[in-house]
Amino acid sequence: MFVGAILLCASVTDVSSCDVKMNMKDFYDTKEECALEMFEVAKYTANALRVATKPFCFKIEVYST
């Protein structure tokens, strides 16, 4: 299972302007599915907020007790 995140930066030369936003609402079965959706979200966010964005997908392990 994969979870998506977006790195948002107001300035590409100042790392202190960056923030990470996780998509904890949706989880994806494949990395490709995650990457496709997070790319679209990152593109929309960059245009809407006029910030630099970079999408990421992380594999997570789900353990049941």
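Modeller: The link of Cys9 and Cys18 has 110 degrees about the S-S bond and is right-handed. Keep in mind that this is a predicted model.

Biologist: Why is the pair Cys9 and Cys18 called a disulfide?

Modeller: The S to S distance of Cys9 and Cys18 is 2.0 Å. A disulfide needs the two sulfur atoms within 2.5 Å, so the pair qualifies.

Biologist: What makes Cys9 count as buried?

Modeller: Cys9 has 10% relative accessibility. Buried means under 20%, so the label applies to Cys9.

Biologist: And why does Cys18 count as partly exposed?

Modeller: Cys18 has 25% relative accessibility. Buried would require under 20% and exposed over 50%, so Cys18 falls in between and is partly exposed.

Biologist: How do you know that Cys34 and Cys57 are joined?

Modeller: Their sulfur atoms are 2.1 Å apart. That value is within 2.5 Å, so this pair is a disulfide too. With -100 degrees about the S-S bond, the link of Cys34 and Cys57 is left-handed. The pair links distant parts of the chain, with Cys34 in helix α1 (residues 31–49) and Cys57 in strand β3 (residues 52–59), 23 residues apart.

Biologist: Are Cys34 and Cys57 buried or exposed?

Modeller: Both Cys34 and Cys57 are buried.

Biologist: How many disulfides does the rule give, and what is the pairing?

Modeller: The count comes to two disulfides. With the bonded cysteines of the protein chain numbered in sequence order, the pairing is 1-2, 3-4.

Terms used: Residues numbered from 1 in each chain as written. Predicted model: local features only at pLDDT ≥ 70, side-chain atom pairs only at ≥ 80, totals over all residues. Heavy atoms only, no water. Buried < 20%, exposed > 50% of the residue type's maximum accessible area, 1.4 Å probe, protein only. Helix = DSSP H or I, 4+ residues; strand = E, 2+ residues; numbered from the N terminus.
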